[in-house]
Amino acid sequence: MKKKLLIGATLILSVGMACTSGAGDWQSYSGDKRIEERVDSVLALMTLEEKIGQMTQYSAKSDIVTGPQVNTDIEPLLKKGYIGSLFHATSSAAIRKTQETALAESRLKIPVLFAFDVIHGFKTIFPIPLAESCAWDAELAE
């Protein structure tokens, strides 16, 4: 179980660091010793609760429920670094406040990832670029 947690946390942290470092291709970091050292350093500092928390996704809205209802008071969890990602976050003001809380008040300052299930389009009947790319037809997408 601990090995799975460490592997998951390593993946989350390494992708997050690659995405925030300014380079366009995350695969270019494969085997980069500096990144590996940073990931190992952060993992060594994390408690087991923080590692589990970084692999936990909460719903930002209580009115969009696709599973069991959970506590919506996430601020204490953010401050402890126990939230790795938020689903259904739509307000830019709320997203900014959440990210600022995580970066300013959590012990290790790990950014939160935000997600919304929009594979078929978000408030539109038109497909999103991800869905268009599945056709592997650039002319059709254009």
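These exercises look at salt bridges in a predicted model.

**Exercise 1.** Which residue forms a salt bridge with E50, and where do the two partners lie?

Solution. 
- Step 1: Find the partner. E50 pairs with R107, and their closest N and O atoms are 2.6 Å apart.
- Step 2: E50 sits in helix α3 (residues 48-54), while R107 is in the loop between α5 (92-105) and β3 (113-115). The two are 57 residues apart, so the pair links distant parts of the chain.

**Exercise 2.** Decide for E50 and R107: buried, partly exposed or exposed?

Solution. 
- Step 1: Recall the cut-offs. Buried means under 20% relative accessible area, and exposed means over 50%.
- Step 2: Take E50. Its relative accessibility is 6%, so E50 is buried.
- Step 3: Take R107. Its relative accessible area is 47%, so R107 is partly exposed.

**Exercise 3.** Trace the salt bridges that E75 forms with K79 and K97.

Solution. 
- Step 1: Start with K79. Its closest N and O atoms with E75 are 3.3 Å apart. Both residues lie in helix α4 (residues 75-80), four residues apart, or about one turn of the helix.
- Step 2: Go on to K97. Here the closest N and O atoms are 3.6 Å apart. This pair links distant parts of the chain: E75 is in helix α4 and K97 in helix α5, 22 residues apart.
- Step 3: E75 has a relative accessible area of 31%, so E75 is partly exposed. K79, at 33%, is partly exposed. K97, at 49%, is partly exposed too.
- Step 4: Join the pieces. A network of salt bridges links E75, K79, K97 and E105.

**Exercise 4.** How many salt bridges does the structure hold?

Solution. The structure has six.

Methods
Residues are numbered from 1 along each chain as its sequence is written. This is a predicted model: local features need pLDDT of at least 70, side-chain atom pairs count only at pLDDT 80 or more; totals for chains, interfaces and linings use all residues. Side-chain values use heavy atoms; hydrogens and water are left out. A salt bridge is a side-chain nitrogen of Lys or Arg within 4 Å of a carboxyl oxygen of Asp or Glu. Buried means under 20% relative accessible area, exposed over 50%, partly exposed in between (1.4 Å probe, protein chains only).
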